[in-house]
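Please look over the sequence and the model before reading on.

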Amino acid sequence: MKIHKLSIAVLFLSGSVFYAQETKQDSIKKENKIDGVVIQGSSNKKTETAVLGEQKKAIIQKQAVSAEEISRKGISNVEQGLTKVTGITTVEGRGLFVRGLEERYNYLLINGLGSPSNNPFQKIIALKQFPTDVVGKLNIYKTFNSNLYGDFAGATFDIETLTIDKAFTKVEFSVGVNTLSTFRDNFKVAEGADGIKGYLGLNSRDRRLPVEVRDSKPNGHIFTREQSLSSFKDSWNVDNIKSMPNTSIGFTTVQKIKAGETGNLGILFSLNQSSKYSYKEGDNNQYRDNGGVIQLSNLLYRKGYEYETESSTLLGLAYKNRGTNVNLNAIYLQNSSNIIEDFNGYKNFSIQDVRFFRTNQQDISRFLDLQLTAAQKIGDRHQFKTGGSYVINNYSQPDRKIFELTSPENFDNALISYGGNNFIRQYLDVDGRFYGSAYGEYSVFMGNKGDRKDYPLQLSIGYNGFADVRKNSYRFIFGNPTNGNTSVYINVDRPQSTLDNSIQNNQLYYLEGTNPNLYLSNIYQFVNAGYLNFDYKPNDSWDILIGGRLENDMRLIRYQKGQPEILEIINNKNYFLPSLSIKKALNSKNNFRLSLSKTITRPILIETMPIEYINPDNSSILGNENIQNSENYNADLKWEYFPSNKEMFAVNLFAKRIDKAIERSIAPSGNASGVVITYYNSKKATLAGIELEGILNLGRFSESLDRFTLGANATFMYSDVERSPEQLVIEKPQGYTEEQLHKRGLQGAAPYTINADLKYEYKNSKNFAKTFSLVYNVSGSKIYAVGGAGSDNYYERPFHQLDFVYQNQLDKNWNVKFAVQNILDSKYRVELGDNSYYPVETNNNYALNSYFNGISFNFTVGYTF
């Protein structure tokens with residue numbers, strides 16, 4: 001008989017499992033022959049090590065944030081997670097900036113399928129609405145490949161929902177306080193908004209257009225006394241409450257069921273609900289040319305109260321059987337923000353006329369995404385992938401109420417006039433009539449694999465596209481005096497009873513003042529693309545990916561511009577978008593990468609909507625229906641070094657030329673009162689920069705530091721813009737030539753961004769981890785909006801954010817997290833630059849906007865069973 005002594009070594013490296021065995025033989029009579037030993041193993045693809053290994057092997061520049069990293073850093077939503085990636089920063093309510101580029105240069109996929117924005121003021125969904133409990137991995141593509149949508153210059157984000165690997169159920173509860181917002185007395189909310197209806201977002205039903213005008217074209221409807229009293233279901237009143245701690249609760253369960261001999265059926269259900277109070281106060285000013293001198297046209301102080309609730313639900317079904325994968329997902333997101341803003345100061349150079357005005361609004365969005373995806377392998381050489389989605393998507397600002405009066409000494413008994421548009425109701429609806437997205441791809445693997453892991457040739461051919469149809473409505477209802485200007489005394493927080501009495505006494509009535517030829521627009525967007533990818537691996541060290549994408553982009557805008565005739569603007573263009581990615585593995589630890597591509601950028605919805613969105617501070621947002629897509633030429637050269645399976649260093653040089661780059665501008669309004677924010681294409685923009693990234697275990701320097709890991713990344717970028725003729729009209733002051741204009745960078749492009757985190761991790765004898773992390777983020781001054789009429793540009797100043805996160809896995813069931821966010825309590829500032837063409841007389845006040853956010857403390861406890 002032969003006795004086999006088998007020694008097995010198992011090495012986990014970058015998410016893969018390698019086995020080595022040593023066999024020694026001895027001979028004994030009456031042996032039994034063993035033909036072989038089969039050992040199977042699996043690795044967790046969600047660990048930081050696995051994700052780093054995937055990044056190392058990928059042909060395109062792909063980065064990811066793993067479920068493990070999400071947990072370790074106390075990341076509660078997708079937006080927070082993405083800010084931990086090289087060159088990505090978040091900017092106050094304006095989404096994610098990648099390599100200093102505005103959010104409009106990004107694109108979002110959910111499980112590989114296109115996704116519309118649920119907010120016309122943003123390019124992609126506010127990713128803070130995605131709780132990380134349902135996220136398996138966040139993929140970030142910063143170089144283009146032809147199977148991605150052509151709308152690409154900053155990055156494409158792909159949210160992979162949680163994969164059904166093992167059964168578990170988790171309940172998590174979180175409570176947080178903020179030094180500015182929590183336990184604040186006289187925190188103002190719309191009447192009843194903090195009740196159960198407000199918590200669930202159902203109070204928006206009371207704010208809809210009255211039934212008398214809801215389904216009809218504006219015709220100057222005059223509301224009768226009875227209609228004025230009963231048709232408006234919500235109140236002008238606000239409640240003064242004590243703001244409570246922020247809370248969130250989440251429930252996630254995953255179950256697996258055996259389906260046949262080799263198949264598995266998985267079920268995922270997740271339900272999350274959160275509420276948050278926030279308070280901000282600070283400057284809200286405007287700057288305009290006043291006879292060849294730049295002066296403060298508005299000097300306002302703003303106090304903002306926001307009560308925000310978020311709801312999310314995910315239902316997932318997954319079937320796996322050998323080479324077959326089928327996934328059905330239903331994702332529902334709802335966000336409701338109840339906002340009260342109080343302004344005090346003067347407007348339009350009227351220094352002696354100090355005013356008070358209030359905005360009472362609700363922003364609510366509802367987003368339902370139904371997805372079906374499938375993949376099938378046929379042998380080792382053929383693979384099919386397909387998917388489709390249908391999205392129900394609506395956004396509205398129902399009954400945005402604004403009233404204005406001379407700033408009173410007594411807010412309980414303040415004098416106000418019913419004339420002069422002092423009571424206004426605005427109704428903005430962006431109704432997603434239809435959104436559908438689909439993809440299909442066939443891949444064939446060719447050549448002889450031999451001893452290698454991969455076939456030397458892979459050919460993929462595919463299609464992806466979407467259709468997006470939106471109906472947009474913007475209407476106004478005014479409170480008008482019955483007989484000339486009528487003045488009454490009101491309690492500023494409780495004016496409703498006085499208004500009702502005035503209506504009863506025929507002193508006040510409501511009138512729809514919407515222009516029937518301006519209020520409605522329809523925007524149709526159709527994108528269809530076919531692509532071809534050829535991946536050639538001549539040996540284990542070279543990987544060459546060549547792609548070509550033919551994309552048809554059609555945008556149709558139908559609207560009226562003050563006339564009965566319907567106008568149409570049609571942009572229908574075919575784009576050929578080539579891409580080339582080359583990876584050279586110098587050895588097992590070093591990679592060189594080269595990427596070249598052409599892409600496009602589509603504008604944000606508000607940038608094309610043919611409306612003028614009115615604010616009470618004499619500012620407005622004016623869409624430009626003639627805005628064009630940008631065309632981008634991208635180049636990247638990158639070196640990567642992986643000294644160990646948990647460490648990495650990288651240097652990336654990149655350059656872009658963006659033809660017809662889209663930029664935000666602030667210019668004097670056409671009615672000579674206030675300013676307008678609008679959008680133009682530049683002629684072209686040139687960008688060049690370097691990205692530096694490192695993940696280092698400090699145990700390299702001392703054994704006592706072995707539990708510390710330092711991660712840091714930085715992006716430094718130069719940009720230059722050549723203005724278009726339309727921009728020259730706004731930017732060139734009277735008496736100046738084009739050659740005398742100051743050189744400037746691209747609007748939204750930051751000269752630098754820095755992210756860093758320091759982690760300490762300790763594991764006890766039962767392998768339960770305890771981690772402490774410090775996370776830091778900042779970006780340099782960038783142009784918030786291009787200035788005009790003799791003024792400099794407006795700059796968003798650096799905002800330094802430092803967070804501390806502690807996490808402890810107490811046992812196999814309980815875990816706790818504690819986080820302190822915005823420890824430095826940096827001030828958010830948008831300021832007029834100091835290089836205006838005309839003299840500036842503002843008493844050293846340059847703040848367009850400024851406020852503090854406060855320091856937040858958050859405690860989370862979770863139980864898994």
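**The sheet that contains β39**

Strand β39 and strand β40 (residues 794–796) are joined by three bridges and run antiparallel. Strands here are DSSP runs of E with at least two residues, helices are runs of H or I with at least four, and both are numbered from the N terminus; two strands count as paired if DSSP finds at least two bridges between them. Lys782 has Glu796 of β40 as its bridge partner.

The two strands belong to an open, antiparallel sheet of four strands, ordered β39-β40-β43-β45. Its edges are β39 (782–785) and β45 (847–852), each of which pairs on one side only. From one strand to the next the twist averages 25°, where axes are lines fitted to C-alpha atoms (for helices over the stretch in contact) and angles run from 0 to 180 degrees between N-to-C directions.

**Basis and confidence of the model**

The model is predicted; local features need pLDDT of at least 70, side-chain atom pairs count only at pLDDT 80 or more, and totals for chains, interfaces and linings use all residues. Residues are numbered from 1 along each chain as its sequence is written, and side-chain values use heavy atoms, with hydrogens and water left out.

The chain has a mean pLDDT (the predictor's confidence in each residue, from 0 to 100) of 88, and 89% of its residues reach 70 or more. Over residues 1–45, pLDDT stays under 50. For that stretch the model has 64 contacts beyond four places in sequence, a contact being heavy atoms within 4.5 Å.

Strand β15 (residues 286–289) and strand β16 (residues 294–321) run antiparallel and are joined by four bridges.

Another open sheet has four strands in the order β29-β30-β34-β33, with mixed pairing. Strands β29 and β33 (662–668) lie at its edges, each pairing on one side only. Neighbouring strands of this sheet are turned by 25° against each other on average, direction ignored. Within it, β30 and β34 are parallel, with four bridges; Ile621 has Ile677 of β34 as its bridge partner.

Three strands of this sheet, β29 (612–614), β30 (619–622) and β34 (675–681), are among the elements that each supply at least two residues to the lining of the second largest pocket. On a 1 Å grid over the protein atoms alone, a pocket is an open set of points with protein on both sides within 12 Å along at least five of seven lines, a cavity is a set where a 1.4 Å probe fits but cannot get out, and lining residues have an atom within 4 Å of a point. The pocket holds about 930 Å³ of space; grid points are joined across faces, edges and corners, and a volume is the space filled by probe spheres set on the points. Its lining has 42 residues, with Glu612, Ile614, Asn615, Ser620 and Asn671 nearest the centre. Strand β34 gives the most, four residues.

**The second largest cavity**

The count comes to 11 cavities of 30 Å³ or more. The second largest cavity has about 340 Å³ of space. It is lined by 23 residues, and Lys123, Asp468, Arg470, Gln525 and Pro603 are the closest to its centre. Elements that give two or more residues to this lining are β6 (106–110), β22, β25 (520–536) and α8 (605–608). The largest share, three residues, comes from β22.
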